Amino acid sequence: MDIRTVGIVGAGQMGNGIAHVFALSGYEVLLNDISDEGLKRAVATIDKNLERQASRGKITEATRAEAMARIKTTLVLPDLGACDLIIEAATEKEAVKNQIFETLAPHLAPQTILTSNTSSISITRLASRTDRPERFMGFHFMNPVPVMQLVELIRGIATNVETYDTLLAVVGRLGKTAASAEDYPAFIVNRILIPMINEAVYALYEGVGNVQSIDQALKLGANHPMGPLELADFIGLDTCLAIMNVLHEGLADTKYRPCPLLTKYVEAGWLGRKTQRGFYDYRGETPVPTR
């Protein structure tokens, strides 16, 4: 199937990054969000990031302008129904995702492929709430989308070969690399990454080291570009907790039990960079560890 138009649900960090790369690759993009402010902020972010690429010589000014012209926005979710491909990039809550797919269902064109950018939730289960489980897949981009090379492709039990092949071709056109993952909790990247972050939070919780020493140890001792607690703040502590809960419930193994300290930070609303406080306090000129 030839994909030409792409609808994206959710204009947050992931949604605007996905819109950025699709528009830059020549696709017509329709970006949806629940607030007009969110859409304006997303378009401004995309424009700023494209300008940065142009200033560094990675794209031309003409290419930047053409990409921006391909992005349209809407507050009306059913408007996305006519798109060839829809990517759900809403919050990592299954009930929210199910509501989105149920709202879209009566308005979808027969050829539309539905996908979710979920980082952990069962694709088979999400697909079962739609009218087209054979045309439903996990389409998991990494953050930040314009920079990260990988896209995880996750087939549900009913996903057909044509849908998989179509999305594989889309990934190639985006200039990214696909990794095929089975439909198990958190797939590949987050099955390995988020428990590592959770273990770092346990090390903090148990007093093995403070925030700075834990992050420094992994950056200098394991050659990680970011420390695990710094990375958790970047991802969002609520997202990390949601993925750990999916792993814990889905695999029924105590090794995936979320650290109580992670839960406490989320309950306090200290979610990382997006709220200006997490394992670091970002309200000053320089991030300061909170523990």
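Predicted model: local features only at pLDDT ≥ 70, side-chain atom pairs only at ≥ 80, totals over all residues.
**Setting the values against the cut-offs**

Colleague: Why does Gln 276 count as partly exposed?

Modeller: Its relative accessibility is 35%. Buried means under 20% relative accessible area and exposed means over 50%, with partly exposed in between (1.4 Å probe, protein chains only). Residues are numbered from 1 along each chain as its sequence is written, and side-chain values use heavy atoms, with hydrogens and water left out.

Colleague: What makes the phi of Gln 276 worth a look?

Modeller: Phi is near 75° there, a positive value in a residue other than glycine. Most residues other than glycine have a negative phi, and most peptide bonds are trans. Gln 276 lies in the loop between α11 and β9 (280-281). As for those names, helices (H or I, at least four residues) and strands (E, at least two) are DSSP runs, numbered from the N terminus.

Colleague: Ala 186 has a phi near 75° as well. Is Ala 186 buried or exposed?

Modeller: Buried, because its relative accessible area is 0%. Ala 186 lies in the loop between β8 (177-181) and α7.

Colleague: What joins Asn 143 and Pro 144?

Modeller: A cis peptide bond, with omega at about 0°. Pro 144 lies in the loop between β6 and β7 (150-155), and Pro 144 also turns up among the residues nearest the centre of the second largest pocket, along with Asn 49, Arg 52, Pro 146 and Val 147.

Colleague: What makes that a pocket and not a cavity?

Modeller: On a 1 Å grid over the protein atoms alone, a cavity is a set of points where a 1.4 Å probe fits but cannot get out, whereas a pocket is an open set with protein on both sides within 12 Å along at least five of seven lines. Lining residues have an atom within 4 Å of a point, and the second largest pocket is lined by 16 of them. α1 (13-24) and α2 (36-55) each supply at least two residues of that lining.

Colleague: How do the lining residues divide?

Modeller: Five nonpolar, eight polar and three charged. Here Ala, Val, Leu, Ile, Met, Phe, Trp, Tyr, Cys and Pro count as nonpolar, Asp, Glu, Lys and Arg as charged, and the others, Gly among them, as polar.

Colleague: Why is the contact between Glu 92 and Lys 97 called a salt bridge?

Modeller: A salt bridge is a side-chain nitrogen of Lys or Arg within 4 Å of a carboxyl oxygen of Asp or Glu. For Glu 92 and Lys 97 the N to O distance is 3.7 Å, so the pair passes. Both residues are buried.

Colleague: How do you know that Glu 102 and Arg 129 qualify?

Modeller: Their N to O distance is 2.5 Å, which is within the limit, so they count. The pair links distant parts of the chain: Glu 102 is in helix α4 (residues 94-104), while Arg 129 is in the loop between α5 (123-127) and β6 (136-141), 27 residues apart. Glu 102 is partly exposed at 32% relative accessibility, and Arg 129 is partly exposed at 42%.

Colleague: Which label does Arg 4 get, buried or exposed?

Modeller: Exposed, because its relative accessible area is 59%. Arg 4 has a salt bridge with Asp 2 at 2.9 Å, N to O. Asp 2 counts as partly exposed, at 46%. The structure holds 14 salt bridges, and a network of them links Asp 47, Glu 61 and Arg 64.

Colleague: Which helices do the buried residues of α10 pack against?

Modeller: α7 (189-205), α9 (228-235) and α11 (260-268), where contact means heavy atoms within 4.5 Å. Leu 237, Thr 239 and Cys 240 are among the buried residues of α10. Just after α10, Ala 252 takes a positive phi of about 50°.
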